[in-house]
Amino acid sequence: MIEKSRMDRLRSGAPATGLLFNPLSGRIRKRKDAIRRALTEIPGAVCREVTNAQEINASVDAFIDAGIDLLIIVGGDGTVQGVLCHLFATQPLAKWPMLTVVPGGTTNMTALDLGISGSPESILQQLRDYLLKQTPPLLLERHVLCIEQSEAAKVYGMFFGVGLIARAVIFSQSKIKQLGITGEIYSAIITIGYIIGLILGRRHGAWAPVQLSIIDKGIELHRGTFAFLFASTLDRLLFGMRPYWGQEQEPLHVTFVRQQSKRPLRSLFQLLSGRGDLLKEKDGYHSCNNRVLELRMDDDYIVDGESYRAASQDGPLRITAAGPISFLVANSANADS
């Protein structure tokens, strides 16, 4: 719940505003100067540039100490994730500033799910107009994934993936990002990576499936080899896809595909096109909505494009829904989405 005084200042168009700007984000690197000029047009805003977790943490702390009402995050999913991790670790939700995102990263799934699309400069223009015109804010709520395991710090984010999804993202970070490819082209290459992984089937090594167990209340529900598994609190993913079909009224969307699934390529296209409800669990496809997901595995996983490692000796990897938190969307930005 956002403090009433903060909401009043947002509605009046006179919030204390902080700008967190990551010049190394994928869509920003080649247009830093133009974006910096756009940042100066946000009325009364204080801007801090960040390029790593330490700088994000220090800047968020400085903004909190200054009592800002609105924090504008100009960067990609990884920058948003860094802010969320630090806020959850240090502040009760009632003390958080309102958050809004200017999509400057490589995939920008969080911003796109909120209906925020366009170039960073155009989104900043829309935010400037919103603040100057004192337009009532549009607020959207989203839960946040909390990923935790014994002996490791909690990780917060919007998208968790393991198996071929993690393999494709990690591969792309080492090979594709070096070419400066971002946006939908980058997303398309990752998606092709999933398909290649399915075509390669049982291959070991870089495109191997994942061995894991899915546990509920201490009981092992599923165990075996999975092509991929993902969990998200976002309504839609890359290209507006909604690749889950659970009916439970819970915030954590979970989908997995077993390695020995039937008709993998045809079924993958059904899943990506939003027709996953046609897929059957007996054929290796499952989707549900949960509040808690526990996995036991020894493998890499990704959260919002950042990679981590799970070790079964440290107990199950536990994923829960935290929040919800509120995001501000300028009305003009939402209308254009």
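The side chains of Glu49 and Arg36 come together in a salt bridge, with 2.7 Å from N to O; a salt bridge here is a side-chain nitrogen of Lys or Arg within 4 Å of a carboxyl oxygen of Asp or Glu. Glu49 belongs to strand β2 (residues 46-49) and Arg36 to helix α2 (residues 32-39), so the pair ties together parts that are 13 residues apart in sequence. Helices (H or I, at least four residues) and strands (E, at least two) are DSSP runs, numbered from the N terminus.

The model is a predicted one, in which local features need pLDDT of at least 70 and side-chain atom pairs count only at pLDDT 80 or more, while totals for chains, interfaces and linings use all residues. Residues are numbered from 1 along each chain as its sequence is written, and side-chain values use heavy atoms, with hydrogens and water left out.

**Salt bridges**

By the rule given above, the count comes to 11 salt bridges. Glu49 is partly exposed, with a relative accessible area of 39%, and Arg36 is likewise partly exposed, with a relative accessible area of 28%; on this scale buried means under 20% relative accessible area, exposed over 50%, and partly exposed in between (1.4 Å probe, protein chains only). The pair is also part of a network of salt bridges that links Asp33, Arg36 and Glu49.

Another salt bridge joins Asp113 and Arg142, whose closest N and O atoms are 2.7 Å apart. Asp113 lies in helix α5 (residues 109-113) and Arg142 in strand β5 (residues 138-148), so this pair connects parts that are 29 residues apart in sequence. Asp113 and Arg142 are both buried.

Arg318 and Glu294 also meet through their side chains in a salt bridge, at 2.9 Å from N to O. Since Arg318 lies in strand β15 (residues 317-329) and Glu294 in strand β12 (residues 292-297), the pair ties together parts that are 24 residues apart in sequence. Arg318 is partly exposed, with a relative accessible area of 33%, whereas Glu294 is buried, with a relative accessible area of 14%.

| Salt bridge | N to O distance |
|---|---|
| Glu49 and Arg36 | 2.7 Å |
| Asp113 and Arg142 | 2.7 Å |
| Arg318 and Glu294 | 2.9 Å |

**Strand β15 and its partners**

Strand β15 is mostly covered, with 10 of its 13 residues buried. Strands β5 and β15 run antiparallel and are joined by 10 bridges, where two strands count as paired if DSSP finds at least two bridges between them. In β15, Ala322 is the residue that stands opposite Val144. Strand β12 also pairs with β15 in the antiparallel sense, over 4 bridges, and Val292 stands opposite Thr320 in β15.

**Helix α6**

Helix α6 (residues 120-133) has 14 residues, which at 1.5 Å a residue should span 20 Å, and its end C-alpha atoms are 20 Å apart, in agreement with that expectation; the expected span of a helix is 1.5 Å times one less than its number of residues. The buried residues in α6 are Pro120, Ile123, Leu124, Gln126, Leu127, Tyr130 and Leu131. Seen down the axis of α6, these buried residues fall within an arc of 155°, so they line one face of the helix, the arc being that of the directions from the helix axis to the C-beta atoms. The exposed residues Leu132 and Lys133 sit on the face of α6 that is turned away from its buried side.

The structure holds 0 disulfides, a disulfide being a pair of cysteine sulfur atoms within 2.5 Å. Cys85 is in no disulfide, and the nearest cysteine sulfur to it, that of Cys146, is 8.9 Å away. Cys146 counts as buried, at 4% relative accessibility.

His286 lies in strand β11 (residues 285-290) and is buried, with a relative accessible area of 16%. The side chain of His286 makes a polar contact with the side chain of Glu281, at 3.1 Å; a polar contact is a pair of N or O atoms within 3.5 Å, where within protein one must be able to donate a hydrogen and the other to accept it, and residues adjacent in sequence count only if both atoms are side-chain atoms.

Ala62 has its place in helix α3 (residues 53-66) and is partly exposed, with a relative accessible area of 27%. Ala62 and Gly18 are 44 residues apart in sequence, and their C-alpha atoms are 9.6 Å apart in space.
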